[in-house]
Amino acid sequence: MLGGLAVGGVLAAREVRRSGWGVARARVRRTRRLTWLAIRRAAAAARLGLPGGADRGRLDEFHVHTAEQAFELLGDMKGVAMKLGQMASLLSDGLPEAYAEGLKGLQQAAPPMAPGLVSQVVEEELGGPPEAVFYEFSAEPVAAASIGQVHRARLFDGTPVAVKVQYPGVDVAIRADLDNALLLTTLAKAIAPGIEPGPFVDELRARIGDELDYRKEAAHQDEFGAAFLDHPWVRIPEVLHEFSSARVLTSEWAEGESLYEILDRSQEEKDLVGEELFRFWCDAVFRLRLFNGDPHPGNYFFGAGGRSGPTPIWFLDFGLVKRFSPGDTDALREQILALRSGDPAKLLDVMVRFGWLRENAPVDQDRVAELAELALRSAIGPGPFTFTREYVASVVQASLVVSGPYSDVVRYLTLPPQQVLLNRIHLGLSALLARLGATGDWAGIMDEYILDTPPSTALGEAGAAWPTVGPAPPADHGSTGPVQ
């Protein structure tokens with residue numbers, strides 16, 4: 001114990017010299033809060049005799065208290081810790097209900113900052129307080145997330161807008177988090193215990209570092225807006241650049257029902273909404289080769305639709321965006337085609353060639369094929385497939401848990417850096433479709449994008465009649481590396 005404290009003191013001293021007192025203090029403070037939560041809950045578990053010594057009632061109470069404390073801490077910390085909490089929330093179907101509900105809260109809201117701080121940021125960035133810059137400005141946020149919170153406002157010409165204001169000091173907190181290898185590795189392992197955390201952490205540093213500059217987010221939002229202009233159902237809010245800066249982003253006001261609110265719609269309409277989300281994913285990944293890496297429910301608003309036509313969907317938050325190369329999407333296409341061939345040896349070659357499996361790994365190729373088939377079942381086909389929460393939980397358990405049913409394969413899996421967000425997007429989309437209980441011929445739809453087959457549904461025909469989005473040339477949006 002004393003030896004550990006001594007080593008910690010040496011590392012802290014080095015950190016002060018390298019990053020300065022502000023970042024070092026923030027790092028120590030944030031790490032300490034997470035550590036103390038873990039220690040307190042471990043002590044509580046020991047008192048109950050967990051994992052096997054508590055009765056059902058006391059176990060439920062333990063989970064409720066732990067979830068409440070974790071949700072409060074992650075929401076209050078914001079920054080990287082909350083971002084990872086939001087990532088985990090997409091995969092919460094296999095967790096006790098208390099955690100699933102708490103993590104769902106992270107998708108939609110977080111404790112807001114004081115109005116005075118909001119006014120301070122707006123004045124520093126736009127040259128005047130909110131009441132001078134905007135005709136109307138609501139002091140209470142309508143949404144709060146990991147790096148900023150959103151306020152409803154109105155311009156002097158009457159245009160309703162959404163104003164995202166970055167939390168003061170969140171850049172210091174995120175610098176502390178992004179440089180804290182222990183914190184990131186620990187949290188990454190909590191989300192994906194079976195995957196080597198190095199590539200995950202590196203990609204997280206790069207992408208979340210980008211989010212600190214709202215000008216980059218505005219550029220991404222403009223690019224998506226231009227690519228999906230006049231689309232039958234995709235809606236991207238227009239950026240108001242005159243009222244935006246590095247820490248303030250003003251966009252066209254968007255509203256509609258949340259994902260949780262549309263769960264009461266008919267299954268037919270939920271199936272159509274699921275297809276719209278799936279087609280947006282395919283269009284963005286395979287044709288635009290650019291995707292918003294934050295597919296959690298809080299980033300969508302749904303309008304009226306159903307049998308009368310497509311449901312308009314507002315897509316929000318373009319801070320965490322990944323640009324893919326043709327090779328990245330080729331890897332996914334080759335994996336799907338290898339699975340469809342029914343040849344385990346061919347699949348094994350693809351898995352090794354594209355870096356998903358260690359070369360010469362002592363694995364049974366049939367077991368590798370079984371795991372890949374489970375993870376990509378919807379894309380293999382043929383015929384309809386229904387996404388369920390139980391299915392997504394089984395995929396997470398099988399592919400991310402070292403001690404899970406495919407532990408003999410998972411221990412040899414790797415995740416190339418360029419595939420980190422693509423894998424996250426796939427799991428996140430699957431979780432959204434599972435919430436909807438969506439049924440569709442996903443393999444047939446996928447073929448339209450990877451094999452250029454004719455439209456297989458009415459929505460596909462509507463999309464085909466619209467000017468198709470094409471691969472976009474790389475845009476210079478500044479550095480995509482970690483925050484210095």
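Visitor: Is Trp466 buried or exposed?
Guide: This is a predicted model, in which local features need pLDDT of at least 70, side-chain atom pairs count only at pLDDT 80 or more, and totals for chains, interfaces and linings use all residues. Residues are numbered from 1 along each chain as its sequence is written, and side-chain values use heavy atoms, with hydrogens and water left out. Buried means under 20% relative accessible area, exposed over 50% and partly exposed in between (1.4 Å probe, protein chains only). Trp466 has a relative accessibility of 6%, so Trp466 counts as buried.

Visitor: How many aromatic pairs does the rule give?
Guide: Rings of Phe, Tyr and Trp (its six-membered ring) pair if their centres lie within 6.5 Å; planes under 30 degrees apart count as stacked, over 60 as edge-to-face and the rest as tilted. Under this rule, the number of aromatic pairs is 19.

Visitor: Which class do the rings of Phe228 and Trp466 fall in, stacked or edge-to-face?
Guide: The ring centres of Phe228 and Trp466 are 6.0 Å apart. Their planes stand at 5 degrees, so the pair is stacked.

Visitor: What is the class of the ring pair Phe385 and Phe387?
Guide: Phe385 is buried at a relative accessible area of 15%, and Phe387 is buried at 3%. Their ring centres are 5.2 Å apart and the planes stand at 90 degrees, so the pair is edge-to-face.

Visitor: What is the relative direction of H12 and H19?
Guide: The axes of helix H12 (residues 267–288) and helix H19 (residues 420–436) come within 9 Å and cross at roughly 170 degrees. Angles under 35 degrees count as roughly parallel, over 145 as roughly antiparallel, 65 to 115 as roughly perpendicular and the rest as oblique. The crossing angle therefore makes H12 and H19 roughly antiparallel.

Visitor: How many nonpolar residues are in the contact of H12 with H19?
Guide: Among the contributors are Phe278 and Trp281 of H12, and Leu429 and Leu433 of H19. Ala, Val, Leu, Ile, Met, Phe, Trp, Tyr, Cys and Pro count as nonpolar, Asp, Glu, Lys and Arg as charged, and the others, Gly among them, as polar. The contact has 3 polar residues and 1 charged residue, and its nonpolar residues number 10.

Visitor: Which residue of S6 is the bridge partner of Ala162?
Guide: Strand S4 (residues 160–166) has 6 of its 7 residues buried. 7 bridges join S4 to strand S3 (residues 148–154) in the antiparallel sense, with Arg154 opposite Pro160. S4 also runs antiparallel to strand S6 (residues 248–252), over 5 bridges. There, Ala162 is partnered by Ser251.

Visitor: What distance separates the C-alpha atoms of Asn299 and Leu259?
Guide: Asn299 is placed in the loop between strand S7 (290–292) and S8, and is buried, with a relative accessible area of 6%. Leaving aside neighbours within four places in sequence, its contacts include Asn292, Trp314 and Asp317. Leu259 is 40 residues from Asn299 along the chain, and their C-alpha separation is 9.2 Å.

Visitor: What share of the protein chain counts as buried?
Guide: The chain has 21 helices and 12 strands. Of its 484 residues, the buried share is 52%.

Technical notes:
Helix = DSSP H or I, 4+ residues; strand = E, 2+ residues; numbered from the N terminus. Pairing = 2+ DSSP bridges. Axes fitted to C-alpha atoms, helices over the stretch in contact; angles between N-to-C directions. Contact = heavy atoms within 4.5 Å.
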